[in-house]
Amino acid sequence: MKSIHSIPTLLLSVLLFSCTGDLTDIGTSIQPTSDRISVYAETFYPVSENYFIDSFTSRPDSFLLGTYYDKKFGTTHADIFAQVQPPLNFSFPKGAVADSAHVLIYYSSWYGDKYSPMEVSIYEMNKATFEYTKPYRSDIKVEDYTDLSLLLRKRIFTARDAVILRNDSSKVIFKLNDDFVKRFSTILTKKFSNNSEFLNFFKGLYITTDFGSASMLYINQIDLKYFFHYK
């Protein structure tokens, strides 16, 4: 009787021993070789460097104005050439007399120190002008378009006033000098039929900064307003 009871005990021991085997590779062992997906890991180290270019060509929809100094990248300076588009086929009233002229610079925001003073000067372009549809590179020479002899106005201000807030904190008004008002008054007796005819009369504005290195303005609009009266 003892020998009979020892048989199932032996079989049970064999079964238990078989169930404790390693099943880690059982899936890959039955998987076809063509279905296997090999995955590898690799480590690499990227290397970057700064590459400075002399100039570039672009058609921006907004403009920077100012000077900003950075210890790593040095000095960034941006100024603006602006053409004025007249009301075509418009005649001023008879007897119109010029009063004053203003340039209004609108900016959406700024970069740098908003309370750092900057001096902005506006010159008249008196040597050449631009072709609107022609692309220009960023390294154009100022002396090709103006000799800086016709200074219309300069002004010192900050991107945001610290003490007395302007009525419009994103607009700066430059009242142009009397010489410009007198020279520009000939427009009161002319009627321009196209932009080229007007650009021969008034080539445009050159706007730059002479002082300040801690802030830059994002300019989105520049207007020239000419005031007159008549009876």
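A residue is buried here if its relative accessible area is under 20%, exposed if over 50%, and partly exposed in between (1.4 Å probe, protein chains only). Of the 231 residues in the chain, 27% are buried. This is a predicted model: local features need pLDDT of at least 70, side-chain atom pairs count only at pLDDT 80 or more, and totals for chains, interfaces and linings use all residues. Residues are numbered from 1 along each chain as its sequence is written, and side-chain values use heavy atoms, with hydrogens and water left out.

Start with confidence. pLDDT is the predictor's confidence in each residue, from 0 to 100. Its mean over the chain is 82, and 81% of the residues reach 70 or more. Helix 1 (residues 2-19) has the lowest confidence, at a mean of 46. Strand 5 has the highest, at 95. A contact means heavy atoms within 4.5 Å.

Next, the overall layout. The chain has 4 helices and 9 strands. Helices (H or I, at least four residues) and strands (E, at least two) are DSSP runs, numbered from the N terminus. Along the sequence they follow the pattern α-α-β-β-β-β-β-β-β-α-α-β-β. Among contacts with a separation of 6 or more, 81% join residues 24 or more positions apart. The chain exposes about 16700 Å², and carbon and sulfur atoms supply 56% of that. This area comes from the Shrake-Rupley method with a 1.4 Å probe; for residues, only the protein chains shown count as cover.

Five strands form an open sheet in the order 2-1-9-4-7, with antiparallel pairing. Two strands pair if DSSP finds at least two bridges between them. Strand 2 (74-78) and strand 7 (171-175) stand at the edges. Each has a single partner strand, so one side of each is left without a neighbour in the sheet. From one strand to the next, the twist averages 25 degrees. Axes for such angles are lines fitted to C-alpha atoms, for helices over the stretch in contact, and angles run from 0 to 180 degrees between N-to-C directions.

Look at strand 9 (residues 214-229) within that sheet. Strand 1 joins strand 9 through 6 bridges, and the two run antiparallel. Here Gly66 stands opposite Met216, and Thr67 has Ser215 as its bridge partner. Strand 4 and strand 9 are also antiparallel, paired over 14 bridges. Ala101 has Tyr226 of strand 9 as its bridge partner.

Ring pairs link Tyr226 with Phe180, Phe184, Phe192, Phe198, Phe201 and Phe202 into a cluster. Rings of Phe, Tyr and Trp (its six-membered ring) pair if their centres lie within 6.5 Å; planes under 30 degrees apart count as stacked, over 60 as edge-to-face and the rest as tilted.

The structure holds 21 aromatic pairs. Tyr68 and Tyr111 form one of them: the ring centres are 5.0 Å apart and the planes stand at 65 degrees, so the pair is edge-to-face. This pair links distant parts of the chain, with Tyr68 in strand 1 (residues 63-70) and Tyr111 in strand 4 (residues 97-112), 43 residues apart. Tyr111 is partly exposed, at 44% relative accessibility.

Another pair joins Phe81 and Phe130. Their ring centres are 5.3 Å apart and their planes are at 65 degrees, so this pair is edge-to-face. Phe81 sits in strand 3 (residues 80-82). Phe130 sits 49 residues away, in the loop between strand 5 (118-124) and strand 6 (151-157). Phe81 is buried, at 19% relative accessibility. Phe130 is buried at 14%.

Leu205 lies in strand 8 (residues 205-211). At 1% relative accessibility, Leu205 is buried.

Finally, two backbone details. Asn89 is not a glycine, yet has a positive phi of about 55 degrees. Asn89 lies in the loop between strand 3 and strand 4. Leu148 is not a glycine either, and has a positive phi of about 60 degrees. Its place is in the loop between strand 5 and strand 6. Leu148 is partly exposed, at 42% relative accessibility.
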